[in-house]
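Keep the sequence and the picture side by side as you read.

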Amino acid sequence: SRMKIVIEKLGQSALAKDIFANMQKKPTDAIASHHCDECGKTYDTTIKLCPEDGSFLAPITDTDLHDTIFEDKYQIDKCIGRGGGGIIYKAHHRYFDRTVAIKILNPKLSSDFALVKRFKREAETASSLRHDNLMSVYDFGISKRGQPYFIMEYIEGKTLRELIVENSELNLESALPIFLQICDGLDYAHSKGVIHRDLKPSNIMLIDDGQGRAPKVKIIDFGIAKDTHVENKNRASLTLNGEIFGSPPFMSPEQCRGQSVDCRSDIYSMGCLMFETLTGVHLFPDDSTLATLFRHLNEAPRACREILPDNKFPDEIERIIQKTLEKDPDDRYQTMRELKNDLKRVAVEIS
């Protein structure tokens, strides 16, 4: 059967087993304790992967810090998001005129040493990156309640995911400035040895300056990023061989197999992101996460014009996207800078 072939392709990884078990279960309203950061829906504890989009679910914290003072200096305003086992609040520094976002690890997970270490690694990784298109992290600590937290830049805007939903898809003229800024941010991160590993529209924040210019891009959520410089130096990794991280609709074939990844995996994810931005649909939409991973591994990607035949996509943008989506990393763009240079040429041609 197709399912048996998929499992054989993915191997006996923990994710393959989890996906198969997850597919046998149905969402229930009994105890909504897991949250999908991609679509916003909640499910009970038996569901590990979102049935809607295949994203990994994060536990919902029952801690409510609304209208409280955090660590004696941050006035908590409201909860603005959940994801990666943490909850994010908008807050204001009481002594400096600065609005910040505070990400706090779910208290239910604070006793898990590996998760705490990964949470700390996220803060360290993000704080080491200083670029105009990357979210900034200012501080990390352990609260008086024993909860790890970090303070980061507060970004007011909407995600690329929200923009796609509002418009069905973006035209090439509007999308290219966004793509170029993403390439800039990731090229810098890659130069510092950081692989994002979870590039997708919901992790791209767009800031409108109100002047009619292209929105400013901020790449967020380095929760599962891989810092190759730290791992090489310490000879330690928080990711075990065979472990699979990422959001299935945007995962490279090597991610799907649980193999070691480099910057070219982000380039594949960038191809998935560009395809969805321009067409309004996932590259490989499917009813199950397992089938989506199978298609990443084995199925040739469609052209944008197959989805929207009335749109006149330039041959060059089709070629660029197809090159980012090659199954073999050696056949893709080797750096984000190479990809950016080709996208810049398209921008010049259509201007």
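This is a predicted model: local features need pLDDT of at least 70, side-chain atom pairs count only at pLDDT 80 or more; totals for chains, interfaces and linings use all residues.

Two residues are in contact when heavy atoms of theirs lie within 4.5 Å.

Q: What share of the contacts in the chain between residues at least 6 apart in sequence joins residues at least 24 apart?
A: Among those contacts, the share is 59%.

Q: How many helices and strands does the chain have, and how many of its residues count as buried?
A: The chain has 12 helices and 14 strands. Of its 351 residues, 53% count as buried.

Q: Why is I267 called buried?
A: The label needs a relative accessible area under 20%. I267 has a value of 0%, so I267 is buried. This residue lies in helix α8.

Q: Which residues is I267 in contact with, leaving aside its neighbours within four places in sequence?
A: They are T324, Y333, Q334, T335 and M336. Take Q334: it is 67 residues away from I267 along the chain, yet their C-alpha atoms are separated by 8.1 Å.

Q: What makes α4 roughly parallel to α8?
A: Look at the angle between the axes. Helix α4 (residues 160-167) and helix α8 (residues 263-279) cross at roughly 30 degrees, and their axes come within 9 Å. Angles under 35 degrees count as roughly parallel, so α4 is roughly parallel to α8.

Q: Which residues make the contact of α4 with α8?
A: From α4 come L160, R161 and I164, and from α8 come L273, E276 and T277. Sorted by class, the contact has 3 nonpolar, 1 polar and 2 charged residues.

Q: Which residues of α4 are buried?
A: L160, R161, L163 and I164 of α4 are buried.

Q: What follows α4?
A: S168 does, and its phi is positive, near 70 degrees.

Conventions: Residues are numbered from 1 along each chain as its sequence is written. Side-chain values use heavy atoms; hydrogens and water are left out. Helices (H or I, at least four residues) and strands (E, at least two) are DSSP runs, numbered from the N terminus. Buried means under 20% relative accessible area, exposed over 50%, partly exposed in between (1.4 Å probe, protein chains only). Axes are lines fitted to C-alpha atoms, for helices over the stretch in contact, and angles run from 0 to 180 degrees between N-to-C directions. Angles under 35 degrees count as roughly parallel, over 145 as roughly antiparallel, 65 to 115 as roughly perpendicular and the rest as oblique. Ala, Val, Leu, Ile, Met, Phe, Trp, Tyr, Cys and Pro count as nonpolar, Asp, Glu, Lys and Arg as charged, and the others, Gly among them, as polar.
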